[in-house]
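Dear colleague,

Please find the structure below, handed over for your use. My findings follow it.

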Amino acid sequence: MKLEDIVEFETPNIIEKAKKEGRKSLLEYEAKTICKEYGLPTTNFKIAKSEKEAKRIANEIGYPIVMKIVSPDILHKTDYGGVVLGIENEEQVENAYKRIIKNVKDKVPDARLEGVLIEEMAPKTAREVIIGGIEDKNFGHVIVFGLGGIWVEVLKDVSYRLVSILEEQDVRDMIKEIKGYKILTGIRGMKPVNEDMLIEMIMRTAKLLENHPEIKELDLNPVVLYENNAKILDARIIL
Ligand SMILES: Nc1ncnc2c1ncn2[C@@H]1O[C@H](COP(=O)(O)OP(=O)(O)OP(=O)(O)O)[C@@H](O)[C@H]1O
Ligand SMILES: [Mg+2]
């Protein structure tokens with residue numbers, strides 16, 4: 001697989017819209033929509049603008065679900081009480097909706113609220129990785145891969161490659177390069193993660209970066225890995 005082989009996608013006008021509104025960062029659902037355009041697997045999601053709509057969408061997606069605040073004024077949703085995991089029924093949807101709005105209004109009274117994101121809740125797994133991108137002043141985009149979730153800050157176990165000269169073999173190498181590689185190949189009877197799937201995800205992310213020089217920072221974290229599929233749980237794009 002080569003970067004050129006990944007089809008050029010007609011990225012929705014999400015980035016243009018954000019720029020026009022003077023925003024430097026995309027909302028989670030916007031970043032995930034772009035990821036989907038590039039064939040990257042994300043959780044299912046939809047925005048609810050009312051409790052009633054939240055319940056309808058939750059039933060449509062199927063329980064358990066996750067609910068998250070949607071506001072251009074809030075980047076770290078958890079810090080503002082804007083994320084509720086493991087919602088099992090309509091009553092909990094209603095409570096979570098009220099709680100999220102209240103938490104955010106208490107902490108940031110003039111935050112603009114677009115609604116609440118309703119997401120499928122991904123099953124737990126021991127494997128969480130990060131796929132990211134940063135901009136180097138001299139060399140352009142750099143793609144980052146490493147152990148994700150809570151581990152990323154503690155272990156700083158990541159590898160880097162330049163996007164402009166990226167080949168499939170480089171991606172293969174960067175996966176093997178992390179200290180925690182064994183976590184991917186399987187320890188204590190865990191089945192190995194499909195490495196080709198992971199390589200394809202990293203290549204597609206690189207393509208996304210290559211097509212969008214305006215992206216200063218991209219952070220798919222956590223990405224949970226199952227044996228033969230994966231899901232991006234949170235996505236951040238800084239312009
Ligand atoms: N759809 C989901 N299914 C399962 N777990 C989820 C889902 N979405 C989020 N989580 C869990 O909840 C955590 C917090 O959610 P999220 O990352 O969206 O909020 P955040 O405010 O950006 O957090 P942080 O600032 O720590 O990245 C995630 O790191 C993940 O462990
Ligand atoms: Mg997050």
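In strand β10, I237 is the bridge partner of L218; strands here are DSSP runs of E with at least two residues, helices are runs of H or I with at least four residues, and both are numbered from the N terminus. The pairing behind this bridge is between strand β8 (residues 217–225) and β10, which are antiparallel and share four bridges; two strands pair if DSSP finds at least two bridges between them. A residue is called buried if 20 or more other C-beta atoms lie within 10 Å of its own, exposed if 12 or fewer do, and partly exposed in between, with C-beta atoms placed from the backbone. Strand β8 also contains P222, which is joined to N221 by a cis peptide bond with omega at about 0 degrees.

Please note that this is a predicted model, in which local features need pLDDT of at least 70 and side-chain atom pairs count only at pLDDT 80 or more, while totals for chains, interfaces and linings use all residues. Residues are numbered from 1 along each chain as its sequence is written, and chains are lettered from A and ligands numbered from 1 in the order in which they are written.

Overall architecture

The protein chain has eight helices and 10 strands. Its radius of gyration is 18 Å, which agrees with the value near 18 Å that a compact globule of 239 residues would have; the radius is taken over C-alpha atoms, and the globule rule is 2.2 Å times the number of residues to the power 0.38. Along the principal axes, the C-alpha atoms fill a box of roughly 50 × 50 × 35 Å. Of the 239 residues, 34% are buried. Among contacts between residues at least 6 apart in sequence, 63% join residues at least 24 apart; a contact requires C-beta atoms, placed from the backbone, to lie within 7 Å.

The chain is divided into domain 1 (3–40 + 124–238) and domain 2 (45–120), with bounds that come from an automatic or database domain assignment. The C-alpha centres of domain 1 and domain 2 are 25 Å apart. Six residues from domain 1 and seven residues from domain 2 take part in the contact. On the side of domain 1 that touches domain 2, two residues are nonpolar, one is polar and three are charged. In this classification Ala, Val, Leu, Ile, Met, Phe, Trp, Tyr, Cys and Pro count as nonpolar, Asp, Glu, Lys and Arg as charged, and the others, Gly among them, as polar.

The four-stranded sheet

An open sheet is formed by four strands in the order β1-β4-β2-β3, with antiparallel pairing. Its edge strands, β1 (45–48) and β3 (83–87), each pair on one side only. On average, neighbouring strands of this sheet are turned by 25 degrees against each other, direction ignored. Strand β2 (residues 65–70) is joined to β3 by three bridges, and K68 has V83 in β3 as its bridge partner.

Two helices lie across these strands. Helix α2 (residues 28–37) lies across β1, β2 and β4 (115–120), at about 150 degrees to β1, and helix α4 (residues 90–107) lies across β2, β3 and β4, at about 170 degrees to β3. Axes are lines fitted to C-alpha atoms, for helices over the stretch in contact, and angles run from 0 to 180 degrees between N-to-C directions.

In the loop between β2 and β3 is G82, which is buried, with 25 other C-beta atoms within 10 Å. Leaving aside neighbours within four places in sequence, G82 is in contact with K68, I69, I74, K77, I100, N103 and V104.

Strand β6 (residues 140–147) is largely enclosed by the rest of the structure, because six of its eight residues are buried. Strand β5 (residues 128–136) pairs with β6 in the antiparallel sense over eight bridges, and a hairpin of three residues joins β5 to β6. Within this pairing, V129 stands opposite L147 in β6. Strand β7 (residues 158–162) is joined to β6 by five bridges and is antiparallel to β6; V144 stands opposite Y160 in β7.
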